[in-house]
Each structure stands twice: as C-alpha cells, then as structure tokens.
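The sequence and structure are shown first, and the comments follow.

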Amino acid sequence: MPVLEMRVALTTEQWEQLVAFYRDGLGLDPGELWTEHGHGQIFHAGRATLEIFDAGHAAAVDDLEVGQRVSGPLRFAFEVPDVHAALERALAYGVELVHEPVLTPWNDYNARVQAPDGVQVTLFQVMEKSA
C-alpha cells in the first residue's frame, strides 16, 4: 500500500510564534485550524520528502552549510525560489541566523536558520545545473 501523504507534527509551548514563522516568515499555506482542545494548525508545504541520515552524513551536511555539526535529530529543509528573499523574510519573524547562504557541491544555494522552538531549517534554492 503506497503512502499518500507525509505529515510532521511539532508540539511547542510557542504556538503563536511558530505559526507566525511558518505562515508569514516562510510563506507556507495554512490549512485547517483546530481550537477545540488547544490549538492546532496545518500548513501545506508543497511536495514532501523524507531524508534519513546517519551521524556522518548529517555532520557532512552541517559542515557544508554551517561549518560545524550543529543540527539536532530533526531539521527541516524548504526549497524556495530566492534564498536571499526567503532568508530576509524568515529573519523578520524572530528566527536566529545559523549561517549565511553557501553554494553546495550539488549546486544548491543553502542558508540555515533556527526557528523559535530551536528546530533548524535549511532554506535552499536550486541553481542552474552546469552542462
């Protein structure tokens, strides 16, 4: 049986701040809002991909994007059309800059931020592939 959708659920004490960051700072499309038993908000983020790294690969990605091992067991990555504009927008919503954009060996332009709840987020722009 194929999987039809992947969801990641974050539980936080900073609900309003995180909703503002993911909605306004990253521009994710809000979906259902639940208020009956506390608060819950769905965001639509386009196509989803699950990446599973061992410690060595995670360290290599952190080294490329940040220069040292800094991420925890969960890190989000969002493809954006303009990494500089996305970074500027995200920073306006109280995130911490972990590292300015860098060009990766696979020709993506990646920036790293830390969300208000401490989760690290990579913003990446796919650059033209050389022929």
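Which strands does helix 3 lie across, and at about what angle does it run to strand 4?

1. The structure under discussion is a predicted model. Helix 3, comprising residues 83-91, lies across strand 4, strand 5 and strand 6. Relative to strand 4, helix 3 runs at about 180°.

2. The sheet is open and contains 4 strands in the order 3-6-5-4, with mixed pairing. Strand 3 and strand 4 form its edges, each pairing on one side only. On average, neighbouring strands of this sheet are turned by 15° against each other, direction ignored. Strand 3 and strand 6 run parallel and are joined by 5 bridges. Within this part of the sheet, Arg75 stands opposite Gln120 of strand 6.

3. Helix 2 spans residues 55-65, and its buried residues are Ala58, Val61, Asp62 and Glu65. Viewed down the axis of helix 2, these residues fall within an arc of 100° and therefore line one face of the helix. Their cover includes strand 3 (75-79), strand 4 (96-103), strand 5 (108-114) and strand 6 (120-126).

4. After the helix comes Gly67, which has a positive phi, near 100°.

5. Arg112 lies in strand 5 and counts as buried because its relative accessibility is 0%, against a cut-off of under 20%. Its side chain makes polar contacts with the side chains of Gln120, at 2.5 Å, and Thr122, at 3.1 Å.

6. Arg112 also forms a salt bridge with Asp62, the closest N and O atoms being 2.9 Å apart. Since Arg112 belongs to strand 5 and Asp62 to helix 2, this pair ties together parts that are 50 residues apart in sequence. Asp62 is buried, with a relative accessible area of 1%.

7. A further salt bridge joins the side chains of Glu65 and Arg112 (2.8 Å, N to O). Glu65 lies in helix 2 and Arg112 in strand 5, so this pair ties together parts that are 47 residues apart in sequence. Both Glu65 and Arg112 are buried. Through salt bridges that share partners, Asp62, Glu65, Arg69 and Arg112 are joined into one network.

8. Across the whole structure, 5 salt bridges are found. One of them links the side chains of Glu5 and Arg7 (3.0 Å, N to O). Here Arg7 is exposed, with a relative accessible area of 55%, whereas Arg112 is buried at 0% relative accessibility.

Methods: Residues are numbered from 1 along each chain as its sequence is written. This is a predicted model: local features need pLDDT of at least 70, side-chain atom pairs count only at pLDDT 80 or more; totals for chains, interfaces and linings use all residues. Side-chain values use heavy atoms; hydrogens and water are left out. Buried means under 20% relative accessible area, exposed over 50%, partly exposed in between (1.4 Å probe, protein chains only). Helices (H or I, at least four residues) and strands (E, at least two) are DSSP runs, numbered from the N terminus. The arc is that of the directions from the helix axis to the C-beta atoms. Contact means heavy atoms within 4.5 Å. Two strands pair if DSSP finds at least two bridges between them. Axes are lines fitted to C-alpha atoms, for helices over the stretch in contact, and angles run from 0 to 180 degrees between N-to-C directions. A polar contact is a pair of N or O atoms within 3.5 Å; within protein, one must be able to donate a hydrogen and the other to accept it, and residues adjacent in sequence count only if both atoms are side-chain atoms. A salt bridge is a side-chain nitrogen of Lys or Arg within 4 Å of a carboxyl oxygen of Asp or Glu.
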